[in-house]
Amino acid sequence: MMESTAAWSLTVGEVDVESEQEVPKKRKLMLWVDDVTVDFDGFLALDHLTLAVDEGELRCIIGPNGAGKTTLMDVITGKTRATSGAVYLEGQSIELSKLPESRIAQLGVGRKFQRPTVFQAHTVHENLELACGAKHGVFRNLFGRTSRAEDERIDKVLESIGLADSIHRRAGLLSHGHKQWLEIGMLLVQEPKVLLIDEPVAGMSQSEMERTAELLKGLAGERTNGPSSSSSTTWTSFEALPRT
Ligand SMILES: Nc1ncnc2c1ncn2[C@@H]1O[C@H](COP(=O)(O)OP(=O)(O)O)[C@@H](O)[C@H]1O
Ligand SMILES: [Mg+2]
């Protein structure tokens, strides 16, 4: 496949959006935020923000505290309504900004909040089993059997999140970083089309941060080049860190 390098950077309001990565030609537009403004009683958290993310692309949104990163995710997932503008999934075929939050999740927009929300008393494997059921709208109880396809998906995800050796550990006993990876895994088993991850490295050790960056880069590549039809857009948000 022909590869071209798309490097770009833009600043809208206080949110800096940067990308520099190999982008194959003829990518499908996966997510399009079109001229979105969010006005909280006169305070513009997002001010005419436009950006487009292609299928398989990893995008990092960088901005200081209060820049509007979480608000952007809230708008995409339907938690907050845009005052003006629109958000589309897969080209212009689905207007997310007209749909309720639950429908947006069902359509394959997965979201990870900043704080890990795993089931502490359950093992790593059980957490992933429970998440498999959530693909269909509800977290299934553990008496329901996972299908063979789901078992394979869980095994694959365990490899990518680096927790294959910890499947019987209770999630509550994992380090903060490992909990974050488990929660990313819980989203991945649901095979989202778009994955939004808010502040994935907040509170992590340096080595966990580096491992997380590798994990996220790996996901984008794998999803982009793999045979899977459900190529995913991975979208992450980092707090601005002082440059060293
Ligand atoms: N529901 C709300 N009502 C009023 N102001 C809000 C609301 N949510 C967020 N804000 C404000 O919008 C700005 C952007 O917040 P946020 O999106 O959380 O930034 P970030 O995630 O980049 O730190 C902040 O100044 C915040 O106080
Ligand atoms: Mg935030």
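The legends below describe close-up views of a predicted model.

**View 1. Residues around ligand 1.** The shell around ligand 1 is made up of Phe40, Phe43, Ala45, Gly63, Asn65, Gly66, Ala67, Gly68, Lys69, Thr70 and Thr71. By class, six of these residues are polar, four are nonpolar and one is charged. Two elements, strand E4 (43-54) and helix H1 (69-77), contribute at least two residues each. H1 provides the largest share of the shell, three residues.

**View 2. The largest nonpolar core.** This core contains 44 residues, and the members that touch the most others are Val36, Val75, Ile76, Leu128, Leu182 and Val189. Two or more core residues come from each of strands E3 (29-40), E4, E6 (84-89) and E9 (194-198), and from each of helices H1, H3 (124-134), H4 (148-161) and H5 (176-188). The most are given by H5, which supplies six residues. In soluble globular proteins, nonpolar side chains tend to be buried together.

**View 3. Contacts of Leu128.** Apart from neighbours within four places in sequence, Leu128 is in contact with Ile154, Val157, Gly185, Met186 and Val189. Both Leu128 and Val189 are among the core residues that touch the most other members.

View 4. H3 is largely enclosed by the rest of the structure, because eight of its eleven residues are buried. The buried residues of H3 are Val124, His125, Asn127, Leu128, Glu129, Leu130, Ala131 and Cys132. H4 and H5 are included in what covers them.

Conventions:
Residues are numbered from 1 along each chain as its sequence is written. Chains are lettered from A and ligands numbered from 1 in the order in which they are written. This is a predicted model: local features need pLDDT of at least 70, side-chain atom pairs count only at pLDDT 80 or more; totals for chains, interfaces and linings use all residues. A residue is near a molecule or strand if its C-beta atom, placed from the backbone, lies within 6 Å of it. Helices (H or I, at least four residues) and strands (E, at least two) are DSSP runs, numbered from the N terminus. Ala, Val, Leu, Ile, Met, Phe, Trp, Tyr, Cys and Pro count as nonpolar, Asp, Glu, Lys and Arg as charged, and the others, Gly among them, as polar. A nonpolar core is a set of buried Ala, Val, Leu, Ile, Met, Phe, Trp, Tyr and Cys residues joined through C-beta atoms within 7 Å. A residue is buried if 20 or more other C-beta atoms lie within 10 Å of its own, exposed if 12 or fewer, and partly exposed in between; C-beta atoms are placed from the backbone. Two residues are in contact if their C-beta atoms, placed from the backbone, lie within 7 Å.
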